[in-house]
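You asked for comments on this model. My notes are below, after the structure.

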Amino acid sequence: VLFRSQTMRSGCSNCECFPPRRLLKIGVVIMTACTVLLVYIYGGSNSLSWSGLHTIFISDQSFDTVADSDKQAPNTPLSHLNLTVSTKQVTLPVIQPSPNTPQSHLGLTVPTKQVTLPVTQPSPATPPNLYLSVSDKRLPLEHVKLPADVMINASDIYISVLTMPRNHPTRFATHLFTWMQTVNPSQVRIITEVSEDEMINGAKQMGYHVVPSGCHDTGDHNTLVMCCKSGRQFEEYYHARRAGEKYKWYCHADDDIYVNIVGLTKMLQSYNPKEKVYLGQWYWLEKYFFHTPRVIHLAPGLLSFPERKRDNFRYSSGNTYCISDPLMMELEKYLSGKNYVPSCKKALVSMDDVLVGVVIDGILGYDLIEPQNLRTELDDYLEFSANDLKQASTVALGHVIVPMAKFANNDKTRLLSYHCFIYPEVSWCAMG
C-alpha cells in the first residue's frame, strides 16, 4: 500500500514502477516460500506435523507407543534407531539406558548385536505355607544361588526325576527342599502317578514340570509298569527337544538320589557331549559277584535283535545315569514312549534300567563308562573323604555319611545333613 501511494504521488507510470497486482502476487509467493521453509525447518527439529501444524511432544509414554507401533526390523543397526514422525524420517542416536532403568519403560527394540551376559539363576516362586517337618522343627524352602559359571554349564543338563505317590511326603519332599533348590526348575521333569497333592502342587507352583505317568505304579516294581514309566521319561525328553529346548546331557535320578549339581556339572565337563556317551555305575551283582558282563544269549528274547553289536552287555544301576544328547536321539527308536514297553517285552528283561544297558551296550555297542564320583547305594561311604563327598555328582539317600550330621537322628535320609555340608549358608541348617 505504501509503495502504491508513493508511485501515485510521484506520478510514476513507466515500466520501472511495479503494478499493485504484480506486487501482491510477489508478496504472496514470498510469504508462501517462507512458510514452507519454516515448516521444513521446524518439522525436522521440533516435530511439527502438517495436520493443522499441531506440535507433537515425545514424552516417555508417547515414545513407548511409537516404538511399540513402529517396530524396527531385526537387522536394524545398533548405532541408530529410525523413528518416523509425520512424513519425514528422523535418525536418532540410541542412548544407552541407565542400569536402573526398568526395561518396561525403555520402548526400544532388541539389538541384533550378540552380547554375552552372565546367566542368572531364576529363584523359584515359594508357595505359601509349605514346610518340611523334621521332629519339632519346620524347615522353610530356601533357594540356593550358585556361581554364574556353574549355572551356564548346568543349564545344559536335563534332569528326569522318577518318584511315586507314597514317596511324595518323604523322599520327594526332601529333594524339593534340598538339591532341587539349586537348579533351574525348567530343566527338571518329575515323573509320577498323580499330579495333585501338597508337595506336587508346591513343585508346580515353583515352576517344576510334573508329568503324570499314567502307568499306575503300586510300588511293587512290576516290570511292565517300570518300563512304562521309563518310556514316559524318555518321551518327555524327546518332546522337549522337538519343542526347541537344547540340552547336552540327559540325567536320570530316582527319588533316593541327591543330585549335587556343582559336582555333576564338573564331572560332565570331562566328557564330549557331541559324542555318544553312556555314564553310570555298573550294577553290583554283575560287577562284584560275577565279575563278567551279562551274556545276552542267556535271555532268549534278546536273540530277536539281529542288529546287536555284541552278545554281552553291562548296564548302569537304575538309581542314576547320564546319556549324551546324540546317543539319546539314537535311542528313540527303542526307548521312546511308544517303543519302551515293546522293547522290554521283546528283550524279556526284568527291569527298565536293564533295557537301557541292553540297547546301549549290547545292541548299539557303546561302552558303559563309570565316573568315579557318580555315587549310588552300592558305594561304601565310609571310604570317602570330606572332599570326595563335596565333589560327588550324586549320593544315595540313607547311605551318605557326612563329618557333622544335622538334626540328630531325625534325618533318616541323611540328605539334609549332606545339603548343609555342601551349602552351610542355608539358614535352616542352623536349626539342626
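Predicted model: local features only at pLDDT ≥ 70, side-chain atom pairs only at ≥ 80, totals over all residues.

1. Strand β8 spans residues 249-254, and six of its six residues are buried. Trp249, Cys251 and Ala253 point one way from the strand, while Tyr250, His252 and Asp254 point the other way.

2. β8 has a pairing partner in β5 (residues 157-162), in the parallel sense and over six bridges. Within this pairing, Ile159 stands opposite Cys251. β8 also pairs with β13 (residues 316-324), this time in the antiparallel sense and over five bridges. There, Ser324 of β13 is the bridge partner of Trp249.

3. The largest nonpolar core has 62 residues, and those that touch the most other members are Ile159, Leu176, Ile261, Leu264, Leu268 and Tyr418. Helix α14 (residues 415-422) is the element that gives the most to this core, with six residues. Apart from this core lies another, of 33 residues, including Ala240, Trp282, Ile323 and Val358.

4. What does Leu176 touch, leaving aside residues up to four places away in sequence? The contacts are Leu130, Leu141, Gln181, Met199, Ala203, Met206 and Tyr208.

5. Helix α10 (residues 325-335) has Asp325, Leu327, Met328, Leu331, Tyr334 and Leu335 as its buried residues. Why do they fall on the same side of α10? They cover an arc of only 130 degrees around the axis, which puts them on the same side. An α-helix has 3.6 residues a turn, so residues three or four places apart point the same way. The elements that cover the buried residues of α10 include the helices α7 (223-242), α11 (337-347) and α12 (352-363), as well as the strands β8, β10 (278-282) and β13.

6. In α11, the buried residues include Tyr340, Ser343, Cys344 and Ala347. Their arc around the axis is only 100 degrees, which puts them on the same side of α11. The face turned away from that buried side carries Lys338 and Lys345, both exposed. Among the elements covering the buried residues of α11 are α7, α10 and α12.

7. One backbone detail belongs with α11: just after this helix, Leu348 takes a positive phi of about 55 degrees.

Note on methods: Residues numbered from 1 in each chain as written. Heavy atoms only, no water. Buried < 20%, exposed > 50% of the residue type's maximum accessible area, 1.4 Å probe, protein only. Helix = DSSP H or I, 4+ residues; strand = E, 2+ residues; numbered from the N terminus. Pairing = 2+ DSSP bridges. Core = buried A, V, L, I, M, F, W, Y, C linked by side-chain atoms within 4.5 Å. Contact = heavy atoms within 4.5 Å. Arc of directions from axis to C-beta.
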